[in-house]
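Let's walk through this structure together, one region at a time. Keep the viewer open as you read.

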Amino acid sequence: MPDTLPQDSVGLVTPQVMHCSKPLTLACGKTLTEYQLVYETYGELNADKSNAVLICHALSGNHHAAGYHSMDDRKPGWWDNYIGPGKAIDTNRFFVVCPNNLGGCHGSTGPTSINPDTGKPWGPEFPKLRVRDWVETQARLADELGIEQWAAIVGGSLGGMQVTRWALEYPERLRHAVVIASAMKLSAQNIAFNETARQAIMADPNFYGGRYLEHDTRPKDGLAVARMIGHITYLSDHVMGEKFGRDLRSGSFARGKDDPVEFQVESYLRYQGDNFANTFDANSYILITRALDYFDLAREYDHDPVAAFSHARCRFFVVSFSTDWRFPASRSREMVDALIGAQQPVTYVEVESPYGHDAFLLPSERYNRAFTLYMAGVAQEVGQ
Amino acid sequence: MNNNHTMRLDLSEAQNWIAPGSRVLDLGCGDGTFLKHLQDTKQVLGYGLEIGVEQINACIEKGLNVIEHDLDLGLGNFANNSFDTVVMAQALQTMHFPHVVLDEMLRVGKECIVTFPNFGHWKARLHLAVSGRMPVSDLLPYEWYDTPNIHFCTVRDFESLCAEKHITVLHREVVNEKSSKYFKDLAPNLFGETALYHLCRAVQK
């Protein structure tokens, strides 16, 4: 981190905690008697509490979406490219709220928390979650903050699924739904990748059926492989080729040489995997990828997305990226077609980008411009 | 194309054919001037399809429902009769298969409105006759090799296509930026610069 913070940064931020002692009955039927959500906020809530924007994070995200926790931080929050003063989600105009989802491992109640019934970590016993459970806890957070209606709810990937679920579950509580690089449900291929990742975790000898904390260990190798699998699907073939090609990090193919050869891409993926395994909980990863797999927006509407979206009362802004093969543009377009079929207001842009699924996090002139214009309209609407 | 900031004459005429509160799909909506006008004055539920980045941004800025969509890929993802009116202003001549587009417009919409530059206008005829070169004018500012307008037609050509396809012409109109009303009413294919058609499927007898 440099000595001074960038001008367009929200600056130093401190996470806050909401304790909720009102029992929460989850979609699976189980009840959490109490829980906590850790969250961050940026910008100021206006007098009529109309300028709040909820950020829903994706699989590996958390509450730290923008700014820095300390001057020693190497990197800002995960969506700092798009949240800050003068940025697409302009903190001079909006009050931005980003919670860590229930079941996560960055401070909100999840598998590493203590189960009050046993006095031990929940581990694999933590109730299965669905996207609607996150929506429920986010709605309670809104109640706590006195936010009747969000100016917008914004999310990419799994975050986008939360946004669309919000639009159907609490149609009056959001004015705008911003759904980026997302889908109405996962494809079989998506589920296959998630299952392979879960199996990698479970195959780790340190997994102990999910009770690794009781054995004072963590299945880091398995989690690292899980992350490597995920990471491959977030990048495009093109960008991997550009970034690494067949470059070697060590060894050589010269005749007579028998040194171990390591490709750059191997080293990169291992680094990403190891890094992730040090900061993420394996049970959380299993739990959240399952929530992703289970999500099917239109399931309870007779599998008719038009019927599903006819319950919405907000405007939609849908964004996809040309080389995203994890959540391809065609998935976003299905959503857009269903929205049009349901006669809902919607704007759709398909951004040309080489970066695959990760594009939703990365700087892009086109994406930024459309996003900024759309959010400026939202701000204007709520008098900011 | 349709990206002027003030509404063109053809569109200010065409709006008379659109009912208040109806569902409108504008194919190649440009910067959204027409859609915005319809939304403000007729409270239509409007969607615009567009492919130009700057045009899309202009639509977002106006708060319109703009969908990034390449019209050459067709309208296959829109349901039958899902719109009251499908509009295509000054773009039919840029399509690879205008006759297919017309069919599709009348499948998706109960009615459709198309406007196109009339290649039968006397200036175009004179230009070709005298100079022996393809017409270039204010409305058609391109050279033949770089023009997006690949399927020109005249008012008479279009009429015969409609007849062939048993399409009912509800209204027809030609408009000119300048010249007199008298002449264009007398001989629209000769004196109309821009043709406007309001169409629907022929009622089965």
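**A guided walk through the model**

Contact here is defined as heavy atoms within 4.5 Å, while helices (H or I, at least four residues) and strands (E, at least two) are DSSP runs, numbered from the N terminus. Before going further, please note that this is a predicted model, in which local features need pLDDT of at least 70 and side-chain atom pairs count only at pLDDT 80 or more, whereas totals for chains, interfaces and linings use all residues. Residues are numbered from 1 along each chain as its sequence is written, chains are lettered from A and ligands numbered from 1 in the order in which they are written, and side-chain values use heavy atoms, with hydrogens and water left out.

Back to that pair. Helix 1 (residues 131-145) and helix 2 (residues 158-169) of chain A have axes that come within 9 Å and cross at roughly 70 degrees. Axes are lines fitted to C-alpha atoms, for helices over the stretch in contact, and the angles run from 0 to 180 degrees between N-to-C directions. Helix 1 and helix 2 of chain A are therefore roughly perpendicular to each other; by convention, angles under 35 degrees count as roughly parallel, over 145 as roughly antiparallel, 65 to 115 as roughly perpendicular and the rest as oblique. Their crossing is right-handed. A crossing gets that name if the near helix is turned clockwise from the far one by less than a right angle, and is left-handed if anticlockwise.

Now compare a second pair in chain A. Helix 3 (residues 188-202) and helix 7 (residues 282-294) of chain A pack at an angle of about 160 degrees, with their axes 10 Å apart. These two helices of chain A, helix 3 and helix 7, are therefore roughly antiparallel to each other, and their crossing is left-handed. Among the residues that meet are Ile191(A), Ala197(A) and Ile201(A) from helix 3 of chain A, and Tyr285(A), Ile286(A) and Leu292(A) from helix 7 of chain A.

Stepping back, the domain assignment, which comes from an automatic or database source, divides chain A into domain 1 (16-185 + 296-381) and domain 2 (194-288). The centres of domain 1 and domain 2 of chain A, taken over C-alpha atoms, are separated by 27 Å. At their meeting place, 28 residues of domain 1 of chain A are in contact with 25 residues of domain 2 of chain A.

What lies inside? The largest nonpolar core has 168 residues, and those with the most contacts inside it are Trp79(A), Ile89(A), Ile180(A), Phe316(A) and Phe371(A). Helix 10 (residues 365-381) of chain A gives the most to this core, with eight residues. At least three residues of this core come from each of domain 1 and domain 2 of chain A. A nonpolar core is a set of buried Ala, Val, Leu, Ile, Met, Phe, Trp, Tyr and Cys residues joined through side-chain atoms within 4.5 Å. Leaving aside neighbours within four places in sequence, Phe316(A) is in contact with residues including Ala167(A), Phe309(A), Leu339(A) and Tyr374(A).

Which residues does Phe280(A) touch? Phe280(A) sits in the loop between helix 6 (264-279) and helix 7 of chain A and is buried, with a relative accessible area of 4%; buried means under 20%, exposed over 50% and partly exposed in between (1.4 Å probe, protein chains only). Not counting residues up to four places away in sequence, Phe280(A) touches Leu59(A), Ser60(A), Cys105(A), His106(A), Arg218(A), Leu223(A), Tyr285(A) and Ile288(A). Thr85(B), in strand 4 (residues 83-89) of chain B, is buried, with a relative accessible area of 3%. Most residues other than glycine have a negative phi. Asn81(B), however, has a positive phi near 50 degrees and is partly exposed, with a relative accessible area of 42%. His166(B) also has a positive phi, of about 55 degrees, and is exposed, at 58% relative accessible area.
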